[in-house]
2 protein chains.
Amino acid sequence: MVPEPAVASGVSGQAATGLGRPAWVGILGYVGLLVAGVLLFFAIRLYGEGLVAPTAPTDARPVGQVVSGQVDVVGHVIATLAAVIGCGYLLGRVFRYFGQPPVIGEVVAGILLGPSLLGSVAPEWAHTLIPSEAMDSRGQVAAALKAISQLGVILYMFLVGLELNTARLAGRAHAAVAVSHTSIIVPFVLGAALALGLYPIYSHSGVPFTSFALFMGSAMAITAFPILARILTDRGLDKTELGEIALGCAAADDVSAWCLLALVVGVAQSQLSNALWVAGGAVAFIAFMFLVMRPLLKFASRRWDEGTGPLPPLAVSGTYFAILFCSLATEKIGIHAVFGAFLLGAVIPHRSRIAQEFSTRLKEPATVLLLPAFFAYTGMRTQINLVGGLNNWLWCAAIILVAVAGKFGGTLFAARLNGLSWRDSAALGTLMNTRGLMELIVLNIGLDLGVISPTLFAMMVVMALFTTATTAPVLYWLIPPKKSA
Amino acid sequence: MVPEPAVASGVSGQAATGLGRPAWVGILGYVGLLVAGVLLFFAIRLYGEGLVAPTAPTDARPVGQVVSGQVDVVGHVIATLAAVIGCGYLLGRVFRYFGQPPVIGEVVAGILLGPSLLGSVAPEWAHTLIPSEAMDSRGQVAAALKAISQLGVILYMFLVGLELNTARLAGRAHAAVAVSHTSIIVPFVLGAALALGLYPIYSHSGVPFTSFALFMGSAMAITAFPILARILTDRGLDKTELGEIALGCAAADDVSAWCLLALVVGVAQSQLSNALWVAGGAVAFIAFMFLVMRPLLKFASRRWDEGTGPLPPLAVSGTYFAILFCSLATEKIGIHAVFGAFLLGAVIPHRSRIAQEFSTRLKEPATVLLLPAFFAYTGMRTQINLVGGLNNWLWCAAIILVAVAGKFGGTLFAARLNGLSWRDSAALGTLMNTRGLMELIVLNIGLDLGVISPTLFAMMVVMALFTTATTAPVLYWLIPPKKSA
């Protein structure tokens, strides 16, 4: 159909190309072909323009036009991710001068781009990122952002589980375990006690006190294992005795706190009638993970460890499938999706190739690309301006005080009683006080469940930021860099 | 507040732990602490249950309950991803016996889980994955799935751009370029000619013939560079002369086809008044990428190449930011988001550390985890049952015939004229006929724009599957494995 132009001549010239033909023949042929193609297209077009197509259905939208009332979900999501990644990086650079871990920059970026700052200073700019409820009337942008953020959080928790060295955890001295449990139980009880004060003000009659107190207790008991590990590594403390104890305690804390939270979610979500189902399901799931998945993974990973080259597709697809499946299972049981992903990471043998490949490969896409959706989503829900007036700020200060007293104080006390020096005990307490991203995950769950109000959510976000931001500088002051080397 | 139990005694026994205390003291202390904690919590609870919280606001939802009419977006998205990953892997295993690349399994899984099979056989099962429009009345699940799928496609196109060796492209013999252009122009003209027959039946009066013909032409001209490269590598042909020519042609095809498609989208989306803006914006963007981004990236990556250890945060965050930014820029200009990501990948120096790290690290999360959302989304939109009746299937056959005639025929013809043997020409034609994932991306753009109808979309999906699935077996027949070694 297309006329084949000059290339047909087989003459071989000086400027011969790989296929033995002078270059100008090729160029001429190409130009001829292009011209012929364009001419043919216009001929077709000339004829085709006269064709009559069936009448447009009544619901047909004009070609290429966005239907009015429909929001460009993908555009908003991409813009939001780009904004949080960009601002988060820049803020992180600034905060690094104050010894802050990068996560602080990203959390603050999310909050600043949300209703707290950008939304009140330049709403039209904020709406190019996250449209107002009037524009996003069907909540599609929020839903998409939430889905991506949850995907990021699930992958992140899986990675946290992978980093957890269960062997080291089991080998810990009982005393360190005692420190760890004190550092959970003290803030938990203090948090529950604080709930007595907060409940009549910031809750409402639809929320049972038990759920509220359980949640406040668990939220206070959280330690951000990954950020703590990062601070220790940054400071070169991870191989010291203090570092080992801190890592062990934080890991034990993480496991306990997530179990506690699973309980909270179970209690909050279930009517008394199906509370047993939740408890039974949780026990069955944990048993399945340890009695079936763990041996299975040990067996499979031993086979994969022998191979070289990339992991087989079964290992890769299988792991991703398992992450999603475990998340879904715990979600359906009534304990949160993150618990399943975390537990799966924890039962994968720590030194297997699968753990190492996923740690290195998944880390950047999960934390740098997908987690910003979580920071944006958290920022979108954080309305700092709700914490207005002296009274609210005093309560916010009380929350911070109780959080620090529980975690820092509890750990300091237990460590001191277990024979650590004052300085080391204080350092351990400071480290355990890091709440970071983990706390935000827990707070979002609480807000989703309706256990805490947006005002309390904003206060707790401030507390999480405060406790995380103080860790590195206080540690720097307690153990100056020269001594830690 | 918490009574500190037995651990206070400092006796050192035989079963001493790391901190010099007998084990039973620790255990006793732990149990005591736990009991004290639980008792304290119940005391708090007893008192707290009597507290009165402010009355619930009228719009308060019961704690932990999903509001009726609201759909569990995250649950549906995770379930869908898990289903496509799982089924895609299993189908891929089955299809591998027939020499098929894994992508076929995933595409088919997406279609089978959509309305074409699961939706008509077991709708209630299908709705646990993708809820019906009645259940997902606000389109939130569809929006979330679309956002994730677009993110996957953008990352994928970035990776395709990274794999593109522009140096090799520039070094190609002119004859190979002539083959490549013939293999674009012939199917493009044939596709446009076929549009003459399809337009009066499958289009409607709201779609201008020019947009329709341009789209059909571009859709026919697509070659799936990554799948072609994978088939060549699988067969050990990538270092042969045939393999080199095929890779060069396919890369040139990709660039040309995406430029063509950018034109199509521009034409379809713009009123005549802002067509100039689109064209101007596209030229400005391409110029920016080559004149500003490329030298900048060369300079930066030279610095990063010298370093060892992980890439600096600026390189990682910066690259992710750039991917999103370029996608957004091309989307706003009016050519599709994938074009920006692809172009960014192409201008990053091919052998730089940044290209290599991103190729290895991003590949699995992007293709194994996020792209399944694209397969699910495509499957959700593919309604094979729309292609009912002999007439429709005959048109579907005609589309396949024209697609093969254009791509396989055009390549065979041009390669033969350029002095390749019949066998090699046929092999080259077969390889260029692979359309795979690329075609699906293009088809989804067409459906989004409203240029093609769901019926034509389904037909074109069948065509894409057919041309992709025939490549490996035909190649196997043309060049049996023993000869290719």
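The legends below describe close-up views of a predicted model.

Residues are numbered from 1 along each chain as its sequence is written, while chains are lettered from A and ligands numbered from 1 in the order in which they are written. Because the model is predicted, local features need pLDDT of at least 70 and side-chain atom pairs count only at pLDDT 80 or more, whereas totals for chains, interfaces and linings use all residues.

**View 1. Chain A as a whole.** Chain A has 20 helices and zero strands; helices (H or I, at least four residues) and strands (E, at least two) are DSSP runs, numbered from the N terminus. Of the 485 residues in chain A, 56% are buried. A residue is buried if 20 or more other C-beta atoms lie within 10 Å of its own, exposed if 12 or fewer, and partly exposed in between, with C-beta atoms placed from the backbone. Among contacts in chain A between residues at least 6 apart in sequence, 78% join residues at least 24 apart. Two residues are in contact if their C-beta atoms, placed from the backbone, lie within 7 Å.

View 2. H13(A) covers residues 313-333, which is 21 residues. From its first C-alpha to its last it reaches 29 Å, close to the 30 Å expected at 1.5 Å a residue; the expected span is 1.5 Å times one less than the number of residues. H13(A) is largely enclosed by the rest of the structure, because 17 of its 21 residues are buried. Just after H13(A), A:Gly334 takes a positive phi of about 120 degrees.

**View 3. A:Gly197 in helix H8 of chain A.** The helix that holds A:Gly197 spans residues 174-202. A:Gly197 has 15 other C-beta atoms within 10 Å and is therefore partly exposed. A:Ala398 is 201 residues away from A:Gly197 in sequence, but the two are 10.0 Å apart in space, C-alpha to C-alpha.

**View 4. B:Ala144 and the largest nonpolar core.** This core has 357 residues, and A:Ala144 and B:Ala144 touch the most other members. A nonpolar core is a set of buried Ala, Val, Leu, Ile, Met, Phe, Trp, Tyr and Cys residues joined through C-beta atoms within 7 Å. Leaving aside neighbours within four places in sequence, B:Ala144 is in contact with A:Ala143, A:Ala144 and A:Ala147 of chain A, and with B:Val73 and B:Val77 of chain B.

View 5. B:Ser205 counts as exposed because it has 12 C-beta neighbours inside 10 Å. Apart from neighbours within four places in sequence, its contacts are A:Ala53, A:Pro54, A:Thr55 and A:Ala56. B:Ser205 and B:Ala366 are 161 residues apart in sequence and 39 Å apart in space, C-alpha to C-alpha.

View 6. H9(B), residues 209-221, has 13 residues and reaches 18 Å from first C-alpha to last, close to the 18 Å expected at 1.5 Å a residue. Twelve of the 13 residues are buried, so H9(B) is largely enclosed by the rest of the structure. Among the buried residues are B:Phe209, B:Phe212, B:Phe215 and B:Met216. H10(B), residues 225-234, is mostly covered, with seven of its ten residues buried. These include B:Phe225, B:Pro226 and B:Ile227. B:Gly236 follows H10(B) and has a positive phi, near 70 degrees.

**View 7. Helices H16 and H17 of chain B.** H16(B), residues 389-417, and H17(B), residues 422-432, pack at an angle of about 145 degrees, with their axes 8 Å apart. Axes are lines fitted to C-alpha atoms, for helices over the stretch in contact, and angles run from 0 to 180 degrees between N-to-C directions. Residues making the contact include B:Phe408, B:Thr411 and B:Leu412 of H16(B), and B:Trp422, B:Leu428 and B:Met432 of H17(B). By class, the contact has seven nonpolar, four polar and three charged residues. Here Ala, Val, Leu, Ile, Met, Phe, Trp, Tyr, Cys and Pro count as nonpolar, Asp, Glu, Lys and Arg as charged, and the others, Gly among them, as polar.
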